[in-house]
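Work through the exercises below with the sequence and the model at hand. Each task is followed by its solution.

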Amino acid sequence: MTALTNVKTSSLDLAFESIDSCFGYVDYITAQIQKLITFYNAGEVDQANATFMEVIDLMDLYIQLISKVYRVIRTDLPGQSFNKDESIQKLEIHLLSVIKALLQAKEKEDVIMLCDLLEYELVDNLTQWKIKILPELKKLKNF
């Protein structure tokens, strides 16, 4: 029984450590997006393509990480009500739709649409995670 308790405690501790890391991770992704937009605006297609793939990979990892963190918190703190459930769901759905639109714009080679989605939709979504959701998740550590 003690080993199971330690596993739960350590998975919850790891989830909260991951939340702390997510703040920097969001900043890093945002910086890569700005770099990507600069490459597109300068017509540096090869660098833009490489950076685009990096941003997509980073977003995939972020989505997986935040989903697992949220699942651990919901599982290991079952009595704790979290008033941001709907906000998380909406942001996650929006994030996935932005990524889908990015991939479609990339496929069509629509650089203007791609840059608009990156600069206005993706950066805004990530900023909302950083200022609204991550701090709320972090507060749950005190419960």
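**Exercise 1.** Find the residues of the largest nonpolar core that touch the most other members.

Solution. A nonpolar core is a set of buried Ala, Val, Leu, Ile, Met, Phe, Trp, Tyr and Cys residues joined through side-chain atoms within 4.5 Å. Buried means under 20% relative accessible area, exposed over 50%, and partly exposed in between (1.4 Å probe, protein chains only). The largest such core has 45 residues, and Ile33, Met59, Tyr62, Ile73, Leu122, Leu134 and Leu137 touch the most other members. Two or more residues each are given to this core by helices H1 (2-42), H2 (45-76), H3 (85-107) and H4. H1 supplies the largest share, 13 residues.

This is a predicted model, in which local features need pLDDT of at least 70 and side-chain atom pairs pLDDT 80 or more, while totals for chains, interfaces and linings use all residues. Residues are numbered from 1 along each chain as its sequence is written, and side-chain values use heavy atoms, without hydrogens and water.

**Exercise 2.** State the order of the elements from the N terminus on.

Solution. Helices (H or I, at least four residues) and strands (E, at least two) are DSSP runs, numbered from the N terminus. The protein has four helices and zero strands, in the order α-α-α-α.

**Exercise 3.** Is Asp116 buried or partly exposed?

Solution. Asp116 is found in helix H4. Its relative accessibility is 35%, so Asp116 counts as partly exposed.

**Exercise 4.** Classify Glu121 by its relative accessibility.

Solution. Glu121 lies in H4, residues 111-139. Glu121 counts as partly exposed because its relative accessibility is 32%.
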